[in-house]
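Subject: Structure handover

Hi,

Here is the structure for your files. My notes follow below it.

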Amino acid sequence: MAATQPNSLRLLFASTLVGAIGSGIGGGVEFTLQNLAREMILRGHMVHILAPEGSKIEVDCPIIAITGKLQPSIQQLNRDTQITIISNSVLTRMWEFIGKNQSNYHLIVNFAYDWLPFYLFPFINIPIAHMVSMGSLSKEMDDFIEQTIIRLPSTIAFHTKTQAQTFQFSSKCRIVGNGINIKDYQYCEKPDNYLVWVARISPEKGLEDAVIAAKHTGIPLKIMGLHQDKFYWESIQQNYPDAQVEYLGFLTIREMQLVLRRSRGYLMTHRWSEAFGMTAIQSLACGVPVITYNQGGPAEIVRHGQTGWLVPSGNIAELVKAINNLDKIDRLACRQQAEAEYSIQVYGNLMENWFYDLLSENRASDETRF
Ligand code: HBI
């Protein structure tokens, strides 16, 4: 007899472990995790969040702090770097907690881009839904992710097709986009005369291209984001001393969007294949057109000529041209695209359906097990 599908789920969110939530080191994942937790609670589910000690969340749900050494960010490693196993790490302690307490939950949502959660699925009795946050970055992580894709493709989801395609065998995995609370963003029809760049200040985000392009157009550029690589920032200041750039700091989402919404355009000059690009949908939600290099998730989000411009990667002359064509973009169309495709309700539906599917699959395999 098929067990009844539980309507309200007990969900355990396993956070990224490169830094405490709120530190900004976890980038867009910190934001996605909290948006989704809030949305699942609104839908009547219970959510517990497992995260490094010191994490601060803006969601009214229990956070289980895990002590131990943080994970080195995989972006700083290169493709052939060996995976290091760290003693007394947040990673191993988090999964010790999960091993002991898994019977209190229906399902785990894993947000960490690390080997252990992908390796452990045969030893955990409840489904692990892996929300993969980046594209292929390291050979060894690819092996762990692709092994899971081959054996349990339904437990893997990517934010975009482009991101999924960086892995092998990913055609059967879900694409779930991402989502924000559109009500948190105020549409701005008449912008002031400046451009905006928002990201962790680190080489893979290509800030210097935005500085050079803005300098050519003479439009001031406001920069926001975590100072992740001080040398990189200093080199930009030394190389372009007369560029009209202003660094506003690593602001809260609310403060950031007050600056973002009044800009003429948002520049995305990432060098790596950004899996999604939360700031792209935040920009659209404010009515701000997005100019992005034509690679990774942002190129899948922005509608060329309608809600922004796609520019050949690294081509600064094309960036300048796109900036000069910003006024051809209808700002209301940007807002409408965010409402239709990237609200937390749309993302929440895709994720909730995924969880229910995993649970009914899991139950079916249990039934065939006996
Ligand atoms: N590196 N090892 C590791 N694990 C993560 O979960 C991780 C990371 N680097 C960056 C990161 N997560 C997130 O900031 C991005 O997924 C956005």
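How many salt bridges does the structure hold? There are 16 salt bridges, each a side-chain nitrogen of Lys or Arg within 4 Å of a carboxyl oxygen of Asp or Glu.

Some ground rules. This is a predicted model, where local features need pLDDT of at least 70, side-chain atom pairs count only at pLDDT 80 or more, and totals for chains, interfaces and linings use all residues. Residues are numbered from 1 along each chain as its sequence is written, and side-chain values use heavy atoms, without hydrogens or water.

D357 sits in helix α13 (residues 344-369) and R174 in strand β7 (residues 174-175), so the pair links parts of the chain 183 residues apart. Helices (H or I, at least four residues) and strands (E, at least two) are DSSP runs, numbered from the N terminus.

Now the ligand. It has 15 residues around it, with T16, G26, Y113, D114 and S133 coming nearest; "around" means a heavy atom within 4 Å. By class, 8 are nonpolar, 6 polar and 1 charged. Here Ala, Val, Leu, Ile, Met, Phe, Trp, Tyr, Cys and Pro count as nonpolar, Asp, Glu, Lys and Arg as charged, and the others, Gly among them, as polar.

Polar contacts (N or O pairs within 3.5 Å) are these:
- T16: a polar side-chain atom is 2.7 Å from a ligand oxygen.
- S73: a polar side-chain atom is 3.0 Å from a ligand nitrogen.
- Q75: a side-chain N or O atom is 3.0 Å from a ligand nitrogen.

The protein covers 94% of the 390 Å² of accessible area that the ligand has on its own (Shrake-Rupley method, 1.4 Å probe).

Last, the cavities. The structure holds 3 of 30 Å³ or more. A cavity is a set of points on a 1 Å grid over the protein atoms alone where a 1.4 Å probe fits but cannot get out; lining residues have an atom within 4 Å of a point. The largest cavity has a volume of about 160 Å³, the space filled by probe spheres set on the points. Its lining has 15 residues, with I74, L77, I83, T84 and D114 nearest its centre.

Best wishes

Notes: Polar contact = N/O pair within 3.5 Å; in protein donor to acceptor, adjacent residues only side chain to side chain. 1 Å grid on protein atoms, 1.4 Å probe; cavity = no way out; pocket = protein on both sides within 12 Å on 5 of 7 lines; lining within 4 Å.
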